[in-house]
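Dear colleague,

Please find below the structure that I am handing over to you. My notes on what was found in it follow.

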Amino acid sequence: MRPVDSARHSASVAGYASTSKDSGSAPHVFVLFARRLFARPLPRFAFAVLMLVILGALLAPWISPFDPIKPDFSAARQAPSSTHPLGTDDIGRDILSRILFGARVSLMAALLPLSISIFVGVPLGLLSGLLKGWPDEIMMRFLDALLAFPRIVLIISIAGLLGPSLVNALVAIGIVGIAPLARLTRGLTLSASEEDYVTAARALGSSNWRIMIAHIFPNITAAIIVTVSLDVGGIILAEATLSFLGLGIQPPNPSWGSMVAVGNRYLQTAPWISLVPGTAIFVTVMSINLLGDGLRDALDPYLRNR
Amino acid sequence: MGRYLLRRLILMLPTLIIVTFLVFALLFLSPGDPVLMLVPIEEVNQLSDEEMDQLRSELGLDRPIYAQYADWLLHVLQGDFGRSIHKRRAVGELLAARFPVTLELAILSVLAATIVAVPIGVYTAVRPGGIGDIIGNIVALMGVSAPNFWVALLLIILFAVQLRWLPAGGFVRITDNPVEHIERMILPVITLSTALMAVTMRLTRSSMLEVLNEDYVRTARSKGLAQRRIVLVHALKNALIPVVTTVGLQIGRILGGTIVIEIIFSLPGMGKLMLDAIFGRDFPIVQASVLLITLAFMGINVVVDLTYAYIDPRIRYGS
C-alpha cells in the first residue's frame, strides 16, 4: 500500500461513523474500508466461506436435496454417497439437508443474543460512563458480580431454568453478554468524555443526552464493532454447546450442536454423523474469527503489528 | 502481603453479596411457582390449596425476599446447601463427592496448557515470521475456533476407536487403580486444554515480542549475554506477567468447559451433577453448583493477583 493511500485510509476510518452520510466525489468510506479489509487473502477466504454459509441458510428450503426432518429408516446411518453426499443420520435423514437448515439456527444464534447484549449493554455503559458518581458505582459493582460467574456456567443455568428451548438458550446467551459489553462501552465512554469535543459540546450547552447520542456514541462505534465481531464466534459456539447438551434446540429440528450430540452414540459405526456438523461449526467459527481479526486490523492501524 | 490480602478480600465483599444474591434469585427465574423448584412435582400435585399454602410457609416462601435470602445465606455459610429434591441427600454431601473430580480436571488442564503453550509462545516470538511462528498462529486460531465437544469426539475416534490406545470414557478412582485413573484423564485433559493452550500461546508470543524490544534487553545484549540467557532469564520473567492474568481468567472457562467434557467422557464431576440436576429440575443442586464453581473461580483470581507480587518485584502490595 502506498504511503499517501494509507494516510488517507486511516484518516477516513478514524472518522468512519461520522462521515458515513457524506456523499462527496471521493470513494465512500465503506469502499475504502472494504478495500483494506480484503487486501489480504485470509479475510477474503473467511468472507467467502461465511457468504456460502449465509447463502446455504437462506436458500435451504430450495436447495436441500431431502426433507431435513422426515425420517427414512430404510436409509439409516448410510456413509456418504452420491445420493447423500454427507451421509445419513441415525434415522436416515440426509445430513447435507440438515446442515443447510442447521445453518439457519447458527445464524439466528449469532443475531438474537448479540442484539440483546448490544441494545441493553451499550446504553447501560454509555449512561454509566457519562453520569459517573453513584449510578456508575452501583452499576460497576453489579457488572463485577455478573462477570465473576464463569460465562458458560451462567448461560447453562439460566437456559436450563428457563426451560430447554432454542429461544431460551439464545436469550440466556444474550443476557450473559450484556455485562462485558456494558463494561467495554463504559470504559470507552469514560475516555471519550475527556476529549476536547465533549468539553466543547458541553460549553455550547449540550445536554448529557445529546452529548451521549450525537458525540460520544458515533466515536466509540468502531471499537464496539470490533469487539462484537470478535465475540460472534464465541456466541455461535455457546449455542452449539447448549444444543449439544440438549438445552437448546429441541428435536426433530436440526442445529449443528444437536446433530453432533446424536452422532455421539455412533462414533464406532457411523462417525460422519458427528464429524460433519462438528466440522461445519469449526469452519464457520474459524472464518468468523479470521474476519474479526481482519476487521480489527482494518479499523485500527495501530494494532496491525501486534 | 497479609494486608493486601485482607484489603482484597474486603473489596470482594460487595461482589460476593451480589453474586450470592443472584444465585439465590435463580429460584425465581424459572417460570411457574418456586414451590415446584423445591419439592418433587408428584408431591405437589397431590396437595390441596391449603396444604400448598402450608408448604409454602414451611419453606419460607411467603416471607419477604430479603429475609429468605438472609436465611439461605446463613445456612450456606454453615455449609448447608439444602437437600436434593430427588436424591434425598444433603446437597453438600453430593458436592463434596463430585467437586474433587472437576477440580482435578481443571488443574491438570491448566497445567498441561501452560507447560505446552509457554515454550511454544517463546519459541515463536524469538523467530517472528518464521515457519514455526506461522504454524503456531494457525494452530492457535484453530484451537480457539474448535468447539470442545468436537475436539473430544475427534480424540475419541482417533485414540479410542481407531488406535485403541486409551479408553473412550468412564472413571476409576485414583485410590482404586492409579494407572487406569490417569489413562481415563488423558483425553478429557487434552480436550479441555486446547482452547486455553491457543490463547496462552498467542499471548506469550505477543508479550514476549514486546519485552524483547525493551531497553533492559538491549542492555543485556550489549553486555554480551547469550541469547538463550536473555530470553529465558531476563525477558521471560516480565513477559509472563500478562500471561498469568489471562490464564487466571481462563480458568473460569475451563471450569465451565468441564460441564461438557464430563458429559462426553462420563466423569462423575460437578458439571455432570449440575446438568443432571437441570434436567431433573433439582434446584438446590443447580444453585449450589453454580455458587461453588463461581466461588472457586473468584478464589483463583485472588491467588492469581497474589502471584503477581512474586513474579513482578515492581509491584509491592500493602506497602
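Two residues are in contact here if their C-beta atoms, placed from the backbone, lie within 7 Å. This is a predicted model: local features need pLDDT of at least 70, side-chain atom pairs count only at pLDDT 80 or more, and totals for chains, interfaces and linings use all residues. Residues are numbered from 1 along each chain as its sequence is written, while chains are lettered from A and ligands numbered from 1 in the order in which they are written.

The interface between the chains

By that criterion, 38 residues of chain B are in contact with 36 residues of chain A. On the chain B side, at least two residues each are supplied by α1, α7 (131-145), α8, α11, α12 (270-279) and α13 (283-311). Helices (H or I, at least four residues) and strands (E, at least two) are DSSP runs, numbered from the N terminus. Of these elements of chain B, α11(B) gives the most to the side that touches chain A, with 8 residues. By class, this side of chain B has 29 nonpolar, 8 polar and 1 charged residues. Ala, Val, Leu, Ile, Met, Phe, Trp, Tyr, Cys and Pro count as nonpolar, Asp, Glu, Lys and Arg as charged, and the others, Gly among them, as polar.

Chain B

The domain assignment, which is an automatic or database one, divides chain B into domain 1 (2-77) and domain 2 (97-311). The centres of the two domains of chain B, taken over C-alpha atoms, are separated by 34 Å. Between them, 10 residues of domain 1 of chain B are in contact with 10 residues of domain 2 of chain B. On the domain 1 side, the elements that give two or more residues are α1 (2-25) and α2 (35-38) of chain B. The largest share of that side, 6 residues, comes from α1(B). The residues on the domain 1 side divide into 8 nonpolar, 1 polar and 1 charged.

Helix α8 (residues 148-162) of chain B packs against helix α11 (residues 227-264) of chain B at an angle of about 35 degrees, with the axes 10 Å apart. Axes are lines fitted to C-alpha atoms, for helices over the stretch in contact, and angles run from 0 to 180 degrees between N-to-C directions. The contact is made by B:Asn148, B:Phe149 and B:Ala152 of α8(B), together with B:Gly257, B:Val260, B:Ile261 and B:Ile264 of α11(B). By class, this helix pair brings together 5 nonpolar, 2 polar and no charged residues.

Two loop residues of chain B deserve mention for their backbone. Most residues other than glycine have a negative phi, and most peptide bonds are trans. B:Arg164, in the loop between α8 and α9 (178-212) of chain B, has a positive phi near 55 degrees. B:Ser266 has a positive phi near 40 degrees and is found in the loop between α11 and α12 of chain B. A residue is buried if 20 or more other C-beta atoms lie within 10 Å of its own, exposed if 12 or fewer, and partly exposed in between, with C-beta atoms placed from the backbone. B:Arg164 is exposed, with 9 other C-beta atoms within 10 Å, and B:Ser266 is exposed, with 12.

Chain A

Chain A has 11 helices and 0 strands. Of its 306 residues, 42% count as buried. Among contacts in chain A between residues at least 6 apart in sequence, 67% join residues at least 24 apart.

Helix α8 (residues 196-203) of chain A is hardly covered, the count of buried residues among its 8 residues being 0. This helix is followed by A:Gly205, whose phi is positive, near 90 degrees. Further along, the peptide bond from A:Pro251 to A:Pro252 is cis, with omega near 10 degrees. A:Pro252 lies in the loop between α9 (208-245) and α10 (256-263) of chain A.

Confidence in chain A

The pLDDT (the predictor's confidence in each residue, from 0 to 100) averages 83 over chain A, and 90% of the residues score at least 70. Among the elements of chain A, helix α1 (residues 3-14) has the lowest mean pLDDT (42) and helix α7 (residues 166-192) the highest (91). Over residues 1-23 of chain A the pLDDT is below 50, and this stretch has 17 contacts in the model beyond near neighbours in sequence. The pLDDT also stays under 50 over residues 302-306 of chain A, for which the model has 4 contacts beyond four places in sequence.

With kind regards
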